[in-house]
Each structure stands twice: as structure tokens, then as C-alpha cells.
Amino acid sequence: MSDRLEGTQRTEALAALEGWTLVEGRDAIHKRFVFADFVAAFGFMTRVALVAEKMDHHPEWSNVYRTVNVTLTTHDAKGLTLRDVALAQAMDKLAV
């Protein structure tokens, strides 16, 4: 199990993420990815799924046409961990 991010480590980790926002009422982060069309959005989700499976860390997400909404949190830690930050960074790279 990963440790929840606290204090300075949390502040620095979240500052390094562009476009991710804290989810009100939860210790989680969210980002909306918008692509050119459904195929691009689905391709992104497929690439992320392969990375998430290797990390054994899976996002909460939904897809409507060209939009993918993602929420990240580590359920067994009951909050944000470095695993969430790492997956967020990987998603940002795959979205380009």
C-alpha cells in the first residue's frame, strides 16, 4: 500500500501536475481530456489502460464522444498517493 501524500510532499507533487484539480469532498484529483473525435479519445483510453494495468493502479473514468473525464485516488490509502501523481503524469504524456 502507498502512503497518502501529506504536507510539503503533497504540495510539490500537485504543483507538478498541469490541469489537474482537487475534487471537492474527496482526496482525489480530476482532469477532463478533450480529443479531436471518439477514435482519438478511445485510443487514449486504450494506451492508458495498458500503463494502468502495469502499474496495478486503475483510474475512475468515463468517456462521452471525444471527452474523457478522469478521477485519480488510491482507494486502499483513502486518498492521494505518489501512484496517482505517476499515473496523472503518464496520462498527460499519452494525451499529446
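Predicted model: local features only at pLDDT ≥ 70, side-chain atom pairs only at ≥ 80, totals over all residues.
Biologist: Happy with that. How many salt bridges are there?

Modeller: The general idea first: side chains of opposite charge can pair when their charged atoms come close. A salt bridge here is a side-chain nitrogen of Lys or Arg within 4 Å of a carboxyl oxygen of Asp or Glu. That rule gives 4 salt bridges.

Biologist: Which residue forms a salt bridge with Arg4, and where do the two sit?

Modeller: Asp27 is the partner, with the closest N and O atoms 2.9 Å apart. Asp27 belongs to the loop between β1 (21–22) and β2 (29–34), and Arg4 to the segment before α1 (7–15), 23 residues apart. Helices (H or I, at least four residues) and strands (E, at least two) are DSSP runs, numbered from the N terminus.

Biologist: Is Asp27 buried or exposed?

Modeller: Buried means under 20% relative accessible area, exposed over 50%, and partly exposed in between (1.4 Å probe, protein chains only). Asp27 has 16%, so the residue is buried, whereas Arg4, at 36%, is partly exposed. Asp27 also meets Arg10 in a salt bridge (2.8 Å, N to O). Arg10 lies in helix α1, so this pair ties together parts that are 17 residues apart in sequence.

Biologist: What does Arg26 pair with?

Modeller: Glu60, with 2.9 Å between the closest N and O atoms. Arg26 is in the loop between β1 and β2 and Glu60 is in strand β3 (residues 60–64), 34 residues apart. Both are partly exposed: Arg26 at 38% and Glu60 at 28%. As for networks, salt bridges with shared partners join Arg4, Arg10 and Asp27 into one.

Biologist: On to the rings. How many aromatic pairs are found, and how do I read one?

Modeller: A pair of aromatic rings is described by the distance of the centres and the angle of the planes. Rings of Phe, Tyr and Trp (its six-membered ring) pair if their centres lie within 6.5 Å; planes under 30 degrees apart are stacked, over 60 edge-to-face, and the rest tilted. The whole structure has 5 such pairs. One of them is Trp20 with Phe33, edge-to-face at 5.9 Å centre to centre and 70° between the planes. Trp20 sits in the loop between α1 and β1, and Phe33 in strand β2, 13 residues apart. Trp20 is buried at 10%, and Phe33 is buried at 5%. Phe35 and Phe44 make a tilted pair, 4.9 Å centre to centre with 35° between the planes, and both are buried. Trp20, Phe33, Phe35 and Phe44 form one aromatic cluster.

Biologist: Finally, which residues of α3 are buried, and what covers them?

Modeller: Asp84, Val85, Leu87, Ala88, Ala90 and Met91 are the buried residues of α3. Their cover, by contact (heavy atoms within 4.5 Å), includes α1, β2, α2 (38–55), β3 and β4 (67–72).

Technical notes: Residues numbered from 1 in each chain as written. Heavy atoms only, no water.
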